[in-house]
Amino acid sequence: MPGPKTWQLTAGAAAVGLALSAGAVALAGPWDSGQRKAERDRAASWAGRGGAHHGPPKDPEAPAPAPSAPGVLAALGAPVAAPVPAALPSDLGRLLADPALGPNPAASVLDTATGRVLYAVRADAAMTPASTVKIATATAVLSALPPDHRFATRVVAPPGSAALTLVGGGDPTLDKARLAALADDTARALGARSLGNVQLAYDTALFSGPAVHPIGANENLAPVVALMTDEGRTDSSDSGPAARTSDPAGDTARAFAELLRARGVRVDGPVSAAAPAGAKPVASTLSAPLPEIVERMLTNSDNDIAEALNRATAIATGRPASFDGGAAAVPAQLAKLQLPLNGVVFADGSGLNRVDKVTPDLLTRLLAKAADPARPELRPILTGLPVAGFTGTLSGRYDTASAATGLVRAKTGTLSGAGVNTLAGTVVDASGHLLAFAFLSTGTPGADPAPVQKALDRLATRLTAH
């Protein structure tokens, strides 16, 4: 029998589905291999007539389908300014005064449909965002590249030549299974060419500048290079901190060479070299579409994906694919969306750099842009947010006793050594409005992040009763 969490998530999902069918803000279920199931179901439902799960009758003699039940919930984000309950500012103020949040926390809450600011404390203060900066990274790349964009890892060779080059395309999601499939395709193509030994090289020229993050080598991020497998992890993990190789590109090329040898191809190398001029495609493997990658990045707070997307934004806007290029590209994209950028600094795409600065106001307006029906390309920002008590970095933050479980969707941010803890996301309030919120704290006391995380969670939970 489903437990309390299941019923809470079901109720939340039902509210969202009804809101979607009413034509308001699109907000789908949590990231699940990039498939936004609620949106697919919604699209499929448009073909039916006369009732839930009923299509148009094919037999004119058949009885009419059962009528659909009338809607029972108001649409999310209806553009009507609901009054702010008198208790909300005082309740949020009391929760924001929790000593666990440090001396100068900041907050912003707004109604995404009307743009009305419901609560603001130091909302224009530029503060270290930690991983909530990934919301800005996602917005920038989704506005710079088309939704059908995929990252390609290619094998190329000059016509008639035995010089083979594995070319990194900046795909942060390349894994062992896809690398093996690429070896399959390459071996078949080489068999048709009747080549003997091949000389394998690997090309990582797509990215430039330092590969190691300014904070130095650490378990939160591999060197940022255009060719890597499994994010350079040296264990079997697929998210979170892990020991990383110092040479993800070389390791990938060596693994590819072994895969070719296992398929009967005699391989010399690999060596690091640029693909020769005039080289033609031999085989390739494509990543999932960009929206799916963005969802994965947000749900798991994936730093490697974030830095790759930062460089992809730089490339798409004609800048060098480096930390500096991304630092210039992201605010340029956000400026095109007419977002408030006073005091902001984007030193990286992941939020690991303490130099990063954003305001609570910017974060809530980024989320409001993603909720705008006129901006469907930004929707993966909402669908990728972790769900309280269920997915990603919020899976362990709420329990069955919390009113917010299954309802709050938010990006977390933590830099424990710097005393930085943040939370930014969305919640549907009691009147059916989709609210965007951002709560930022710095200088929090103690090394244990649990007290400040609970304080942030209480702030978001209070919004469910607005």
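Two strands are taken to pair if DSSP finds at least two bridges between them; strands (E, at least two residues) and helices (H or I, at least four) are DSSP runs numbered from the N terminus. The model is predicted, so local features need pLDDT of at least 70 and side-chain atom pairs count only at pLDDT 80 or more, while totals for chains, interfaces and linings use all residues. Residues are numbered from 1 along each chain as its sequence is written, and side-chain values use heavy atoms, with hydrogens and water left out.

Strands β3 and β7 run antiparallel and are joined by six bridges, with A157 opposite K280 in β7. Both belong to an open sheet of five strands with mixed pairing, in the order β6-β5-β4-β3-β7. Because β6 and β7 (280-286) are edge strands with a single partner each, one side of each has no neighbour in the sheet. Neighbouring strands are turned by 20 degrees against each other on average, direction ignored.

Helix α5 packs on this sheet and touches β3, β4, β5 and β7 (contact: heavy atoms within 4.5 Å). Its direction makes about 160 degrees with that of β7 (axes are lines fitted to C-alpha atoms, for helices over the stretch in contact; angles run from 0 to 180 degrees between N-to-C directions).

Helix α6 lies across β3, β4, β5 and β6, at about 165 degrees to β6. Just after α6, G264 takes a positive phi of about 85 degrees.
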